Amino acid sequence: MGAVPLTRSRPWQAGEPGQAAQVITWLVAAAGLLAGAAVAWIVSHGGPDRIGVPNLPLAVPVVVLVGWSFIGSGLLYWWSRPGNHIAAVLIFQGFAWFASMLPDSHNPVLFTIGQAVYPFQYASGLYLILSFPSGRLQGRLDRALVAVAVALVTLGNWAWLLFADSHRMMCHTCPANLLELTRDDAAVVDVFYVLRFGGIVIALTSIGLLATRWRRASRAQRHAVMPVAVAGVVAFAALIAAYVARVAGMSSPTVFDSFAFYASAAVPVAVLAVLIQRRLARGAVAGLVVELGGPGQAGDPREALSRALGDPSLALGYWFAAESRYVDRNGGPVEFPGAGSGRSSTVVERDGQPVAVLIHDAALDDNARLVQSVGAAAGERAAPGRVAGPAGGTAGVPGPAG
């Protein structure tokens with residue numbers, strides 16, 4: 001009995017990356033390992049007055065593991081589905097996280113570069129949380145928030161560096177700020193207020209956006225993003241607390257800075273949790289054919305397929321060759337989802353011939369391999385001769401009523 005390949009109603013890249021992509025993967029992995037090792041050395045030699053990483057227990061291993069987790073998760077996404085934009089976002093976030101530790105360096109060049117790129121992690125982290133798991137921003141508000149964040153972490157951040165004396169405005173033991181053109185403490189304070197106020201507004205708006213999106217989301221959509229969404233909200237709340245403490249005049253570092261550090265470290269853990277969750281779900285599909293009843297059983301497989309995908313709205317259609325169309329179990333027509341409906345379809349084929357179609361939540365498009373595995377099980381269940389056809393017929397699918 002042949003394998004059950006799948007075609008989809010929308011383009012999807014399956015399989016492992018090609019040879020060139022594999023070379024890039026190994027280069028990125030090597031660069032990530034070296035960056036983590038270098039940052040570990042910088043942070044461990046930063047001393048108690050370091051400004052990039054709070055002087056906390058396990059700070060060095062947390063810094064390294066967070067960066068490696070982001071990069072590793074990105075490579076796993078890239079390996080399993082090269083077309084998913086979230087892979088590039090995760091990899092960038094990992095290197096941005098490592099770069100944000102450079103202000104702990106005693107070298108003026110590295111210190112200045114670190115100050116210039118330190119907040120990049122916030123903009124890329126915002127993009128990651130708002131776009132997960134597809135890597136694509138969903139609406140104008142998302143794009144506006146990310147655009148404002150990018151402006152703040154580039155133009156806004158670079159502006160104050162032009163006027164900041166590192167020993168007075170950063171720390172007494174900091175190296176020289178090589179971007180300083182002239183000292184103007186008042187200008188630095190004014191820019192700080194703008195940056196922090198802007199950060200608070202962005203974080204609050206993002207929390208509201210995620211809450212609204214959660215209320216409107218389907219069960220499948222919530223299942224796909226829950227760990228990352230929760231970790232993101234906690235990280236946003238922690239950053240708000242840290243910014244408010246600084247605006248209120250509390251000297252840095254504060255207890256809120258420590259909380260924000262650990263909250264940010266939870267985001268890659270949540271991403272890895274989603275990856276593990278997906279792999280476990282695909283592994284559980286191995287017993288799905290048994291649950292469907294095996295050959296010769298006439299039970300409706302939709303419920304079992306729905307549980308496997310975590311999508312109560314799943315619809316299953318069968319190919320009726322006599323009329324070249326898909327029908328449901330009662331012989332009624334199956335409607336394919338339209339653009340913008342939030343629904344997608346996956347067509348199941350056997351030996352090049354269609355046998356069934358899964359109509360499911362569009363959130364599952366970002367977990368295509370799970371849909372592929374479940375579709376294969378559906379193909380086994382809906383194979384010709386296993387599902388009753390029209391009265392007295394042998395079409396292999398239920399025929400139209402009457």
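Which helices and strands each supply at least two residues of the lining of the second largest pocket? In this predicted model, local features require pLDDT of at least 70 and side-chain atom pairs pLDDT 80 or more, whereas totals for chains, interfaces and linings use all residues. Residues are numbered from 1 along each chain as its sequence is written, and side-chain values use heavy atoms, with hydrogens and water left out.

The elements in question are α5 (120-131), α8 (185-216), α9 (219-247) and β4 (343-350); helices (H or I, at least four residues) and strands (E, at least two) are DSSP runs numbered from the N terminus. The second largest pocket holds about 830 Å³ of space. Its lining comprises 36 residues, of which P133, Q138, R213, Q221 and A363 are the closest to the centre. A pocket is an open set of points on a 1 Å grid over the protein atoms alone, where a 1.4 Å probe fits, with protein on both sides within 12 Å along at least five of seven lines; lining residues have an atom within 4 Å of a point. The volume is the space filled by probe spheres set on the points, which are joined across faces, edges and corners.

One disulfide, defined as a pair of cysteine sulfur atoms within 2.5 Å, is counted. The bond joins C171 to C174, with an S to S distance of 1.9 Å. The torsion about this S-S bond is about 115 degrees, so the disulfide is right-handed. C171 is buried at 11% relative accessibility, and C174 is buried at 4% (buried, under 20% relative accessible area with a 1.4 Å probe, protein chains only).

Methods
Buried < 20%, exposed > 50% of the residue type's maximum accessible area, 1.4 Å probe, protein only.
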